[in-house]
Amino acid sequence: MTVRAAALPRLPSSGRTPVVGTVTRGTTNPNRLRRMDRWIAAVHGAELRRAEHPVTVDLGYGAAPWTAVELLHRLRSVAPRTHVVGVEIEPARVAAARPYEREGLVFRHGGFEVPVPGRPLLVRAANVLRQYDEAEVAAVWQRLCARLAPADPATGSRGGLLVEGTCDEIGRRHVWVALGPEGPRTVTFATRLGSLERPSDLAERLPKALIHRNVPGEPVHAFLRDFDRAWAAAAPYASYGARQRWIRAVRDLAAHWPVTDGPVRWRQGEVTVRWEALAPQG
């Protein structure tokens, strides 16, 4: 992963490791990250089940602990040994979350240094980097990927997963990048199909690495343009419902773009594309 970014800010810390990052707005809502959580459970559940002590991190959970509580519940439905650590850079938010601790769920003060022992199998950072500059993203990704559990060819493990993205306030529209220890792998677009007018409506929820690249000449702009065209061509399927129209549009899109998933995920209002196809130019 090539990094050309400004140094990240370091905040004072009472521990040995400085806290890395800046305080965000902390906006959160119950059930906001359900689409991301379902996807993680589906695609990363096997890695979590394989591990003896699967530690996951909800990085920057915000002013209330709902997303961390929900992450524990959803991941334990597919990997019962999962433990979740909610990490927040604002100490007052950590103190407010402590009463919600339970078996398998704790809250810690910290930032991009990820203050947990060992290497986590999952770091979820939702709506965190949106408040940073695009030039800072690569350095954050590199730092977080370096904290992930490494791949293990002997067991077939691909290592830990970083899921970083953005959604609207009630979780109807969401776009995220999935990264392994080696760097970015895929981009996933997820939506409540009943609220969608056209796929390019998701552009406003592109993660920071892509949102300023939705301009002519950039791959993500071409992808959304082609997606809108496939959606328009699939209009006759709308009589069978928005889901059938989405499935048809994604099937046509996959003829020209490296879509990595299939109808099981498409039915959920998702589509996942290889990162290399959408990565910013230059």
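So, the largest nonpolar core: it has 54 residues, and the ones with the most contacts inside it are Phe 112, Trp 141, Phe 189, Phe 223 and Trp 246. By nonpolar core I mean a set of buried Ala, Val, Leu, Ile, Met, Phe, Trp, Tyr and Cys residues joined through side-chain atoms within 4.5 Å. Buried is under 20% relative accessible area, exposed is over 50%, and partly exposed sits in between, with a 1.4 Å probe and protein chains only. Helix H6 (residues 219-233) gives the most to this core, seven residues. Helices here are DSSP runs of H or I with at least four residues, strands are runs of E with at least two, and both are numbered from the N terminus.

Quick caveat: this is a predicted model, so local features need pLDDT of at least 70 and side-chain atom pairs pLDDT 80 or more, while totals for chains, interfaces and linings use all residues. Numbering runs from 1 along each chain as its sequence is written, and side-chain values use heavy atoms, without hydrogens and water.

Back to Trp 246. Leaving out residues up to four places away in sequence, Trp 246 touches, among others, Phe 189, Leu 202, Trp 266 and Glu 270, where contact means heavy atoms within 4.5 Å. Trp 246 also belongs to one aromatic cluster with Phe 189, Phe 223, Phe 227, Trp 231 and Trp 257.

There's another core apart from the largest one, with 29 residues, including Met 36, Leu 48, Ala 97 and Val 163.

Seven of its seven residues are buried, so S7 is largely enclosed by the rest of the structure. Who are its neighbours?

Last bit: aromatic pairs. Rings of Phe, Tyr and Trp (its six-membered ring) pair if their centres lie within 6.5 Å; planes under 30 degrees apart are stacked, over 60 edge-to-face, the rest tilted. That rule gives 10 aromatic pairs. In one of them, Tyr 61 and Phe 107 have ring centres 5.2 Å apart and planes at 65 degrees, so that's edge-to-face. Tyr 61 is in the loop between strand S3 (55-59) and helix H2 (66-76) and Phe 107 is in strand S5 (residues 105-109), so the pair ties together parts 46 residues apart in sequence.
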